[in-house]
Amino acid sequence: MSESPALPARGRVGVMLPRDLPVGDVLPFARRAEELGFDQVWVVEDLGWRGGVAQAATVLASTTRLTVGIGIMPAGARNVCFAAMELATLAQLHPGRVIAGIGHGMPGWMRQAGSWPASPLTLIKEYARALRLLIAGEPGPANGRYVRCEGVVLTELPDTVPPVVLGVRGPKSQAVAGEVADGLLLAEPAAPAYITASLDNLGPAAPANPREVVVYDAAAVDDDEEAALARVRAALEAVGEPEWAAHIAPLPFAGELRAHRDASPDARHFAQTMPAAWVRQLSIAGTPAQARAAIDARHAAGATSVVLAPAGPDALTALDSLARALPHQP
């Protein structure tokens, strides 16, 4: 049996490896992130792009210090036994450097792939519980409605069990994360008010077992605040759509934002014409000092890791500017 998951380190700052990064830039991006002092690199697994486990394995093997998070692996996409084997192997080969994000997946994508269950909530609850038991060396639990791994035991186990966080939005799913996971991953935008609301849904944690709370946000840093805000707007085009309602509802301007989206002819117009004050709340953008303050606000709201998603056409170049917002930078 392996050790319990390592306690989450507070105040971490990571960077997202963009899904559309040219393949020749993937490893330079990860290595440069490590050189610049980022604590984490998060890879994404969106249908039709690149696989999360393959990206994570390659980044881990090409760096020495970074923690690598997978955000997220859809529960309906992989048999839990084989997902547990993949994650346990990553964590065995790269001790203490893996975080596994599990989620429902986007409904449209999962339906297209034939993997959307009648009860997504039941699936993710059964899946997360079984996954955590398996990678800790425990026998698989009794068979459920969707997950069947009763009695399965992994032979090869990591010394440190990787945390399993749920990348979910809705209050019911976040409550399930509080029951069966090591924490929560919040997709962008993750304003402090949304973090607070999500933690309320998650419920109280035992003092001896603090949770990982990973948050994503579109990010741009520039000595010219207006240039940074302009660069990040395109990344906010989706936030007025219904799927993002949970992110917006806790914000004081939620009603105004919905009205602005209803009055806009399309998502691009919506993002390009929203007030700058909203852009500041919905992203980590501005001068290095402003971006650092936005990161600090998310940590103060309860995030253990703040992950910056580079905005703009050149993610590799953006890394250097984003690093100016790291706490250790002048």
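Strand β7 (residues 212–221) and β9 run parallel and are joined by six bridges; helices (H or I, at least four residues) and strands (E, at least two) are DSSP runs numbered from the N terminus, and two strands pair if DSSP finds at least two bridges between them. The model is predicted: local features need pLDDT of at least 70 and side-chain atom pairs pLDDT 80 or more, while totals for chains, interfaces and linings use all residues. Residues are numbered from 1 along each chain as its sequence is written, and side-chain values use heavy atoms, without hydrogens and water.

**Strand β9**

- Six of the six residues of β9 (residues 305–310) are buried, so the strand is largely enclosed by the rest of the structure; buried means under 20% relative accessible area, exposed over 50% and partly exposed in between (1.4 Å probe, protein chains only).
- In a regular strand, side chains alternate between the two faces of the sheet.
- Both faces of β9 are covered, with Ser305, Val307 and Ala309 buried on one side and Val306, Leu308 and Pro310 buried on the other.

- Leu308 of β9 has a relative accessible area of 1%.
- Beyond four places in sequence, the contacts of Leu308 (heavy atoms within 4.5 Å) include Phe38, Asp217, Ile284 and Leu322.
- The C-alpha atoms of Leu308 and Glu188 are 9.3 Å apart, although 120 residues separate them along the chain.

**Glu126 in helix α5**

- Glu126 belongs to helix α5 and is buried without a salt bridge, which would need a side-chain nitrogen of Lys or Arg within 4 Å of a carboxyl oxygen of Asp or Glu.
- The nearest side chain of opposite charge is that of Arg145, 6.7 Å away; Lys and Arg count as positive and Asp and Glu as negative, with His and the chain ends not counted.
- A polar atom of the Glu126 side chain lies 2.7 Å from the backbone nitrogen of Arg145, and the side chain reaches the backbone nitrogen of Tyr146 at 2.8 Å.

Terms used. Polar contact = N/O pair within 3.5 Å; in protein donor to acceptor, adjacent residues only side chain to side chain.
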